[in-house]
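Good morning, colleagues. May I ask you to turn to the sequence and the structure, which I will now put on the screen.

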Amino acid sequence: MATALSACGGDRKEAANVAGATPDAAAAGTDAAVPVDAADVVAEPAAAPVALPEWFPTDVYLPADHVVVEVNEDDGAHAVELRTRGEVLNLAGQAQAAMLAAGWTENHYSPVDTRGGASMYYRKGDRSATLAMAWAGDGQVRLMYNFATVGGVKKPETGSGSPAQ
């Protein structure tokens with residue numbers, strides 16, 4: 001499911017980190033090439049902030065201080081990416097405690113060091129939630145959610161071509 005997060009198409013809304021262009025780049029216009037040293041960070045173009053979608057589950061961990069970066073919705077797959085400040089292990093522990101307290105069943109929990117990432121998978125009824133966290137540099141953590149409805153087992157079709165009753 002984590003790969004579905006990055007592969008989702010559908011309606012896409014993005015907000016990049018806001019970073020100012022160099023004075024030379026601003027004066028030269030958008031068509032001018034700007035030399036970049038290996039140590040320089042190339043900023044993504046600024047975009048309007050994205051709002052948390054109305055369908056975001058109220059019983060899923062959400063850090064108080066966050067910025068919504070991207071929302072993907074496509075044929076039942078729903079994904080959200082946030083940025084927040086902190087350390088991966090601390091946020092993973094907060095997420096785990098909040099999800100369990102909200103009645104989710106933990107099927108997978110894999111924390112790693114604070115410069116790596118963490119992943120977790122939860123089920124509640126016919127819903128699933130995958131949370132993945134990754135170090136984003138400069139004290140920031142990427143928090144990615146993937147939500148799906150997990151259906152029951154389908155009955156096999158009969159030989160007549162119609163579904164089983």
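Predicted model: local features only at pLDDT ≥ 70, side-chain atom pairs only at ≥ 80, totals over all residues.

Residues are numbered from 1 along each chain as its sequence is written, and side-chain values use heavy atoms, with hydrogens and water left out.

Let me begin with the rings. The structure holds four aromatic pairs. Here, rings of Phe, Tyr and Trp (its six-membered ring) pair if their centres lie within 6.5 Å; planes under 30 degrees apart count as stacked, over 60 as edge-to-face, and the rest as tilted. In one of these pairs, the ring centres of F56 and Y145 are 5.0 Å apart and the planes stand at 85°, so the pair is edge-to-face. F56 lies in the loop between α2 (23-28) and β2 (67-74), and Y145 in strand β7 (residues 140-149), so this pair ties together parts 89 residues apart in sequence. Helices (H or I, at least four residues) and strands (E, at least two) are DSSP runs, numbered from the N terminus.

Are these two residues buried or exposed? F56 counts as buried at 7% relative accessibility, and Y145 counts as buried at 0%. Buried means under 20% relative accessible area, exposed over 50%, and partly exposed in between, with a 1.4 Å probe and protein chains only.

F56 also pairs with F147: their ring centres are 5.3 Å apart and their planes are at 90°, so this pair is edge-to-face. It links F56, in the loop between α2 and β2, to F147 in strand β7, 91 residues apart. Both F56 and F147 are buried. Ring pairs link W55, F56, Y145 and F147 into a cluster.

I turn now to the strands. Two strands pair if DSSP finds at least two bridges between them. β2 and strand β3 (residues 77-85) pair in the antiparallel sense over seven bridges, and V71 has V80 in β3 as its bridge partner. β3 and β7 run antiparallel and are joined by eight bridges; here V80 stands opposite Y145 in β7.

Finally, the backbone. The hairpin of β2 and β3 has two residues between the strands, and D75 takes a positive phi near 45° there. D138, in the loop between β6 (127-137) and β7, has a positive phi near 50° although the residue is not glycine. D138 is exposed, with a relative accessible area of 64%.
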